[in-house]
2 protein chains.
Amino acid sequence: MENQQVLIDRLPSGKLKSDDYRLVDGPMPELGPDQVLIKTIAFAITAGTRAGLQGSASYAGAPAAGRVMNGTGVGEVIASNVESIAVGDRVTAPTGWQQYAALMADLVTVIDPAHDPIHYLGPMGVNGLTAYFGLLEVGKPKAGNTVMVSAAAGSVGHMVGQMAKIQDCHVVGVCGSDEKGRLLTEKLGFDRSVNYKDANYRQSLKEATPEGVDVYFDNTGGMILGSALFRMNVGGRIACCGVVSQYDTDTPEPGPKGVPGLLVNNRITMQGFLLFDFADHYARARSDIYGWLESGRLTSLQDEVVGLAAAPEGFVDLLSGGNVGTRIVRLDQ
Amino acid sequence: MENQQVLIDRLPSGKLKSDDYRLVDGPMPELGPDQVLIKTIAFAITAGTRAGLQGSASYAGAPAAGRVMNGTGVGEVIASNVESIAVGDRVTAPTGWQQYAALMADLVTVIDPAHDPIHYLGPMGVNGLTAYFGLLEVGKPKAGNTVMVSAAAGSVGHMVGQMAKIQDCHVVGVCGSDEKGRLLTEKLGFDRSVNYKDANYRQSLKEATPEGVDVYFDNTGGMILGSALFRMNVGGRIACCGVVSQYDTDTPEPGPKGVPGLLVNNRITMQGFLLFDFADHYARARSDIYGWLESGRLTSLQDEVVGLAAAPEGFVDLLSGGNVGTRIVRLDQ
């Protein structure tokens with residue numbers, strides 16, 4: 001029995017290319033002590049994973065040529081050496097881009113059988129939890145605030161905007177096409193959207209935020225962060241979640257003008273965060289998010305690709321903004 | 001009776017020059033309703049004042065050619081139209097660079113007669129209060145933390161470092177000469193100093209902060225902020241107080257690399273602040289600071305210039321780092 005896998009063929013230089021990966025038939029993993037063997041159902045591809053490929057520059061650890069590409073998946077347990085996890089359980093775990101993964105049980109979270117496991121790649125997984133804690137704990141929006149979010153049609157951004165609406169905020173999403181913008185305002189309840197690729201972007205942002213910005217949820221860094229700094233109100237909060245504008249390059253831009261001058265003048269707080277700092281509170285967050293999904297207040301957008309062979313191209317496309325919502329790779333089995 | 005004044009002759013373009021100012025004999029101000037007439041004893045020149053000359057780019061309001069140069073002074077009341085302030089009271093107020101100022105009483109703070117009024121230009125004035133609130137309320141140092149401060153021999157910086165020692169922190173000061181550095185470590189109790197003009201500055205900073213930096217008090221922005229970002233520990237706090245590296249120019253640098261990438265990876269918080277947001281707590285701060293001065297735990301460095309005519313050159317020199325501690329202009333009377 002074989003285990004189809006996508007390996008990192010070489011760490012990318014400059015922009016990621018799909019041939020930086022290699023599809024192989026690897027050996028079926030052997031189940032060690034305290035491990036479970038998972039058959040992958042699907043995994044998510046997220047922009048943050050690109051940061052990992054920059055090695056030590058990122059929080060995601062240092063992947064290397066020849067290793068299985070990393071990623072969070074959901075799957076079914078087909079063998080287990082631990083009492084707490086049974087064969088047949090649905091789980092979420094860092095499966096990587098492969099059909100089968102043998103993982104230490106403490107990396108594996110059993111999914112409530114009442115829930116759709118795919119939710120654990122989106123609103124109840126890394127993306128949704130990141131939106132939840134970044135917005136609520138770092139951004140701290142108050143009712144009536146204006147909340148701006150970049151990569152607003154992305155896996156995290158589309159949930160940030162909806163969660164901000166649940167907090168009774170005015171929500172402005174920045175994205176890279178008018179079509180995505182319409183989706184945000186027409187389907188997801190965003191108040192306004194602005195296309196950062198427009199020549200008039202800065203003027204449009206100004207018009208979309210007539211009362212300034214109280215909370216900016218930054219997924220991109222770079223130019224959009226720079227534009228947000230000039231719209232922030234006194235006492236505004238910037239939740240620094242990611243720097244997608246700078247991941248897929250060897251030559252990152254300098255930081256935005258206005259740091260630290262505008263931070264001082266307008267007493268702005270910029271705070272970086274990583275999801276795992278909130279690990280003690282995942283259960284509470286998942287309970288809230290599940291409630292919002294059930295009541296229809298939160299809609300999860302996902303965008304599916306089928307088959308491991310399609311994953312590398314799906315990742316390259318995501319990095320150029322091709323996705324809407326969470327990009328999921330379903331394994332054909 | 002005349003009122004010697006220093007006027008802004010023109011708003012500076014590029015670097016400030018002493019001939020951007022003009023010394024004149026103006027009219028003696030007339031005392032209006034709810035006003036007091038103050039004879040200036042001395043005023044402080046601070047780098048932050050340079051920001052004001054950039055007009056709308058700064059919090060300090062918009063000065064204009066032909067106006068008296070702004071600044072905080074101490075003086076003696078020689079006439080009063082309000083009950084709460086008597087002739088003979090020593091006060092601190094935004095006198096500007098002039099011999100006599102008629103000011104609305106609500107801009108005037110009466111000084112405790114037990115205190116040396118000059119302290120109100122230093123440790124108990126804008127500089128000391130800025131150090132106090134920026135360090136304690138924004139930087140939030142804990143005992144054992146490493147605290148780094150830039151412009152460490154300046155009016156704010158030399159007090160930040162001493163206040164951090166009072167909090168039992170390890171203190172590293174960044175300044176622009178070895179002589180200043182020795183003053184910090186030999187006279188003020190700083191643990192280490194680093195000269196940012198040294199070719200090896202980054203390596204020296206690394207060696208001076210073997211356990212990283214928990215709190216960085218940023219008076220400068222620019223390159224020194226950039227260097228601090230690479231030394232910050234997980235969860236570190238950057239108190240953004242000022243941007244002296246960028247005041248005396250028409251062409252500010254871009255922001256530092258590492259914003260927002262390093263903020264995310266290391267969950268760093270950068271927070272801008274302005275002193276007047278803490279106005280409700282000045283009395284408590286002055287009481288703490290007075291206690292530290294009396295007990296010898298806090299030493300105020302000051303650096304005096306005599307006569308209004310010397311003030312413009314004193315300001316230009318300050319902006320190139322010529323001062324040690326608080327630069328005070330005493331009026332010769």
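User: How do α2(A) and α3(A) lie to each other?
Analyst: α2(A) and α3(A) are oblique to each other. Angles under 35 degrees count as roughly parallel, over 145 as roughly antiparallel, 65 to 115 as roughly perpendicular, and the rest as oblique. Helices are DSSP runs of H or I with at least four residues, strands are E runs of at least two, and both are numbered from the N terminus.

User: What kind of model is this, and how are residues numbered?
Analyst: The model is predicted: local features need pLDDT of at least 70, side-chain atom pairs count only at pLDDT 80 or more, and totals for chains, interfaces and linings use all residues. Residues are numbered from 1 along each chain as its sequence is written, while chains are lettered from A and ligands numbered from 1 in the order in which they are written.

User: Back to α2(A) and α3(A). At what angle do they pack?
Analyst: About 45°, with the axes 9 Å apart. Axes are lines fitted to C-alpha atoms, for helices over the stretch in contact, and angles run from 0 to 180 degrees between N-to-C directions.

User: Which residues make the contact?
Analyst: From α2(A), A:N127, A:G128, A:A131, A:Y132 and A:L135; from α3(A), A:M159, A:V160, A:M163 and A:A164. Contact means C-beta atoms, placed from the backbone, within 7 Å.

User: What about α2(A) and α9(A), at what angle do they cross?
Analyst: Roughly 100°, and their axes come within 10 Å. That makes α2(A) roughly perpendicular to α9(A). A:G128, A:L129, A:Y132 and A:F133 in α2(A) meet A:Y282, A:A285 and A:I289 in α9(A).

User: Is α2(B) largely enclosed or exposed?
Analyst: Largely enclosed by the rest of the structure, because 12 of its 14 residues are buried. Among them are B:V126, B:L129 and B:F133. Buried means 20 or more other C-beta atoms within 10 Å of the residue's own, exposed means 12 or fewer, and partly exposed is in between; C-beta atoms are placed from the backbone.

User: What comes just after α2(B)?
Analyst: B:K140, with a positive phi of about 50°.

Terms used. Contact = placed C-beta atoms within 7 Å.
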